[in-house]
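Notebook open, model loaded. I want to look up the charged pairs, then the helix packing.

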Amino acid sequence: MKTQTTPITESSIAQVLKEDWHIVKGKLKQQYGELTDNDLTYVKGKEEELLGRLQKRMRRTRQEIEDLIRDCSNVS
């Protein structure tokens with residue numbers, strides 16, 4: 001059974017990606033040295049691709065990735 005992903009909303013992770021990605025990216029690189037610049041490349045409108053890359057690379061669930069991003073940006 002395929003699980004359906006909830007689209008990113010403006011009030012959630014998308015806002016963090018647009019406003020604070022440079023901060024989040026730096027913190028993730030420090031905490032997870034295995035992540036490359038390619039893994040962390042953000043392109044406006046391609047948020048799903050970024051989250052998918054991080055899920056695959058880090059072997060974590062989407063919720064875990066979103067939580068990591070929120071923690072790094074200090075956004076609830």
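I started with salt bridges and searched the whole structure, which is a predicted model; the search gave seven.

First pair I looked up: aspartate 37 with lysine 29, side chain to side chain, N to O at 2.5 Å.

Next entry: glutamate 48 and arginine 62 form a salt bridge, with their closest N and O atoms 2.6 Å apart. This one ties together distant parts of the chain, since glutamate 48 sits in helix H2 and arginine 62 in helix H3, 14 residues apart. I checked cover too: glutamate 48 is partly exposed at 37%, while arginine 62 is buried at 14%, below the 20% cut-off.

Arginine 62 turned up again, in a salt bridge with glutamate 66 at 2.8 Å, N to O. Both lie in helix H3, four residues apart, about one turn of the helix, and both are buried. I then traced the network of salt bridges: it links Glu48, Arg62, Glu66, Asp67 and Arg70.

How do the axes of H2 (residues 47-58) and H3 (residues 62-73) cross? At roughly 105°, coming within 9 Å, so I noted the two as roughly perpendicular. On the H2 side I listed Glu48, Leu51, Leu54, Gln55 and Met58; on the H3 side, Arg62, Ile65, Glu66, Leu68 and Ile69. By class, that contact has six nonpolar, one polar and three charged residues.

Notes:
Residues are numbered from 1 along each chain as its sequence is written. This is a predicted model: local features need pLDDT of at least 70, side-chain atom pairs count only at pLDDT 80 or more; totals for chains, interfaces and linings use all residues. Side-chain values use heavy atoms; hydrogens and water are left out. Axes are lines fitted to C-alpha atoms, for helices over the stretch in contact, and angles run from 0 to 180 degrees between N-to-C directions. Angles under 35 degrees count as roughly parallel, over 145 as roughly antiparallel, 65 to 115 as roughly perpendicular and the rest as oblique. Contact means heavy atoms within 4.5 Å. Ala, Val, Leu, Ile, Met, Phe, Trp, Tyr, Cys and Pro count as nonpolar, Asp, Glu, Lys and Arg as charged, and the others, Gly among them, as polar. A salt bridge is a side-chain nitrogen of Lys or Arg within 4 Å of a carboxyl oxygen of Asp or Glu. Buried means under 20% relative accessible area, exposed over 50%, partly exposed in between (1.4 Å probe, protein chains only).
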